[in-house]
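Hello,

Here is the structure I promised to pass on to you. Have a look at it first, and then read my notes on its pockets below.

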Amino acid sequence: MLPGLLLALALVALLGACSRVDPNEPVVPSMEGADEDLLGLIDDLLSGVRTAPDSGDLRGRLAMAYDVNGFDPAAIATYRQAQSLAPEEFDWPYFRALLHGKAADFDRALAALDEAFSIEADYAPAWLWRGAWLLEQARYDESRAAYERARELEPKSPASAGIAQTLLRQERFEEAIAVLEPVVDRIPHPQVQRMLGEAYRAVGRTDDARIAMARGRVGHLIEWTDPRVARKTEYVGGFGRRLIRGQDLIKANLPRKALEVIKPLAAWKPDDEGLISNLSWAYKSTGDTDKAVEILKRGIEVHPHQFRFHLSLADIYRELGDDERLKYHLGLAIEGDPTNAWAHEQLARLAMRAKRYDDALASFDLALLGGTDDPVEVLYTAGAIEGSRERWPQCIERFQRLVDIDISIAKGHIGLGLCLAEVGRIEEARDAFAWAERIGTHPDELAQARQQLAVIEARGA
């Protein structure tokens, strides 16, 4: 072979080798719009990866940071790299599966989950996800099998609800009822009630369906605890995302951990409304009400028109039993938001304690107009006030509205029945008590109400 040809071939080989992309070269997404904290977090993790390019653990940490901060494609690619470097680690294919599932790419999600199961096959939340994704693909028998496996591994999981859902999709309503009825009290979730109501309605159990659907009237989709996913949260970066992380920790009854996340944010944006609100909430949740009050008062100085700070102070004073300060801050909150239902409801309860019943009823009505979170309790309390004053038509109107909103509230039917009995509508009273008996949640109160009905009947005989 000619020397020139040998040199040319060598150069081609060298150029080819240089042009090949290293499959473990760290993935770096566009970070446009990211704040300094997040940029610093990612930069530190990238530095660690470049220092130890063969470390599956460091590559996985980078992937988790991409994951929880919204860089999904980079996270998926980096989880793949972490898996190639540490093929014995369950989390890397599992977290990749969750990202594919989030994007509704169920084929890839299931394939990645199978890779995770080849490492560890006894993790119940993974089987719940498998059941959910197979359900989305209408692979009902496989989905039910996955949910049954999850139930074997973790009997307290919501797997029974998933099993029932597969049966409902196949219109096997009696079987769904048989699965749901034994667990409906153990899984007190609105979606379980809605599913049960759907099954009851399909088999003609109309009254039972109305009760179940009322109990499931409001609610979100069933979720489950996934301890492995919690591992990712320490890699949350950026002001907004850390604030949300702090909120989640407070909701999870971990306020001291929330403070660890939220307090450092004050160095960046000390006057941020969200920071002030969540920092005071965290201190209140630890029992340090003095610090919470101090933060909220400073918040009012900085943001004098932010009525929510007055609501937060009102809630603190409500818990402390300081009615004077409670009323003061409720008034200021209502100046800022005249339709605030919670504030009107608290004013109503203050008026009740002072036996100013007309004022209480007026405030309860404003709470209802404002869209109170608990119209049933508001109507029940207003109905009880009317009953105590023997204003029977108004009492009937309040309790009738209550059961129209939620037919599953036994004490509402009991109150309605007693008011009806007082105006001589005995058969309607009995019908109301029959509904309460069917619901079955307040047997002692129902027994007393029936005794009172007998007294009213004897009085009118």
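Of its 22 lining residues, V184, Q193, I211, A212 and R215 are the closest to its centre. Helix 12 (206-215) contributes the most to this lining, with five residues, while helix 11 and helix 25 (426-439) are also among the helices that each supply at least two. By class, the lining holds 10 nonpolar, five polar and seven charged residues.

Before going on, some background. This is a predicted model, in which local features need pLDDT of at least 70 and side-chain atom pairs count only at pLDDT 80 or more, while totals for chains, interfaces and linings use all residues. Residues are numbered from 1 along each chain as its sequence is written, and side-chain values use heavy atoms, leaving out hydrogens and water.

A pocket is an open set of points on a 1 Å grid over the protein atoms alone, where a 1.4 Å probe fits, with protein on both sides within 12 Å along at least five of seven lines; lining residues have an atom within 4 Å of a point. Volume is the space filled by probe spheres set on the points, which are joined across faces, edges and corners. Helices are DSSP runs (H or I, at least four residues), numbered from the N terminus.

Now to the largest pocket, with about 1500 Å³ of space. Its lining has 40 residues, and W129, I222, E223, W224 and V229 lie nearest the centre. Helix 7 gives the most, with six residues.

Best wishes

Notes:
Nonpolar A, V, L, I, M, F, W, Y, C, P; charged D, E, K, R; others polar.
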